[in-house]
Amino acid sequence: MIYKIFPAVLFLLFSLYSSKTNFTDPVNPSKPEIASVIKSSSDSNIETVYNSLNSNHFDLPNLESFKEALKGFYLLKEKGLIQKDILTLVDFSLSSNIKRLWVIDLDTNTILYNSLVAHGRNTGEEYANSFSNSNSSYKSSLGFYATGEIYSGKHGMSLKLDGLEKGINDNARERGVVMHSANYVSNSFIKCNKRLGRSQGCPAIPEESLKEIVNTIKNKSCLFIYHPSRSFKTISTLFS
């Protein structure tokens with residue numbers, strides 16, 4: 001009799017064990033590695049991100065400048081050089097007479113601000129075309145920056161910037177290249193002078209926009225100043 005019952009008991013125990021395993025073992029879906037995210041963002045999927053941007057009634061940045069900015073953003077995020085999912089894009093291929101600065105929340109894919117922004121007085125007239133990392137050059141520096149802390153300086157409320165590219169913008173702190181406001185960054189100045197005013201190399205913005213923009217992008221967000229004279233292939237080697 002035992003030899004008939006024993007197999008049945010074994011079968012019952014095996015069934016209970018299998019059932020318990022199936023229902024109690026958690027399923028842990030694997031997350032894509034950051035390298036995969038970066039690769040997809042640097043190829044065709046970057047256009048999907050661009051096309052899904054909520055413009056918030058602002059004009060969209062050019063796709064080419066957005067591509068370069070987003071590639072760098074992911075790379076810097078991977079390396080821990082920036083912390084926030086906020087991207088500030090300045091496109092110096094555009095006329096200074098139009099709004100060429102965008103602050104984008106990449107968590108919600110929403111454009112938060114679109115603003116006028118000045119370039120350095122020796123960088124060009126209406127258009128920016130000459131750049132430098134040198135002290136007293138009065139020129140803008142291109143490339144990727146991490147935003148720093150707010151302080152009160154000669155222009156009032158200002159935001160320190162740390163240039164992340166050696167030989168391109170890493171003298172930003174030493175040069176005093178910061179984001180500040182200026183009365184020459186305005187539509188009224190453009191109307192009187194046929195172009196926006198120029199700084200000593202700082203990305204100066206309108207007085208009425210400063211507080212909101214600076215408080216949004218401060219403390220380790222990504223700021224990228226774009227010009228087509230430099231490509232991401234060149235930029236990426238500087239982070240290695």
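Which residues point one way from E1, and which the other way? The legends below take up this strand and then other parts of the predicted model.

**Figure 1. The two faces of strand E1.** Ile86, Thr88 and Val90 point one way from E1, while Leu87, Leu89 and Asp91 point the other way. In a regular strand, side chains alternate between the two faces of the sheet. All of the residues named for E1 are buried. Because six of the six residues of E1 are buried, the strand is largely enclosed by the rest of the structure.

**Figure 2. The strands paired with E1.** E1 and E2 run antiparallel and are joined by five bridges. Within this pairing, Ile86 has Asp105 in E2 as its bridge partner. E1 also pairs with E7, in the parallel sense, over five bridges. Here the bridge partner of Asp91 is Tyr226 in E7.

**Figure 3. The largest nonpolar core.** This core has 24 residues, and those touching the most other members are Phe66, Leu70, Phe73, Ile104 and Cys222. Two or more residues come from each of helix H3 (45-51), helix H4 (63-78), strand E1 (86-91), strand E2 (101-105), strand E4 (143-153) and strand E7 (222-226). H4 gives the most, with six residues. Another core lies apart from this one; it has 21 residues, including Ile86, Phe92, Leu210 and Ile225. In soluble globular proteins, nonpolar side chains tend to be buried together.

**Figure 4. The surroundings of Cys222.** Residues up to four places away in sequence are not counted in this view. Beyond them, Cys222 touches Phe73, Leu76, Ile82, Ile86, Leu87, Thr88, Phe144 and Tyr145.

**Figure 5. His180 in a loop.** His180 sits in the loop between strand E6 (178-179) and helix H6 (187-193). Is His180 buried or exposed? Its relative accessibility is 2%, so His180 counts as buried. Leaving aside neighbours within four places in sequence, His180 is in contact with His155, Met157, Ser158, Cys202, Pro203, Ala204, Ile205 and Leu210. Leu210 is 30 residues from His180 in sequence, and the C-alpha atoms of the two are 6.9 Å apart in space.

**Figure 6. Ser96 in the loop between E1 and E2.** Ser96 has its place in the loop that lies between these two strands. With a relative accessible area of 2%, Ser96 is buried. The Ser96 side chain reaches the backbone oxygen of Glu126 at 2.9 Å. Apart from neighbours within four places in sequence, the residues in contact with Ser96 are Leu116, His119, Glu125, Glu126, Ile190 and Leu196.

Key:
Residues numbered from 1 in each chain as written. Predicted model: local features only at pLDDT ≥ 70, side-chain atom pairs only at ≥ 80, totals over all residues. Heavy atoms only, no water. Core = buried A, V, L, I, M, F, W, Y, C linked by side-chain atoms within 4.5 Å. Buried < 20%, exposed > 50% of the residue type's maximum accessible area, 1.4 Å probe, protein only. Helix = DSSP H or I, 4+ residues; strand = E, 2+ residues; numbered from the N terminus. Contact = heavy atoms within 4.5 Å. Polar contact = N/O pair within 3.5 Å; in protein donor to acceptor, adjacent residues only side chain to side chain. Pairing = 2+ DSSP bridges.
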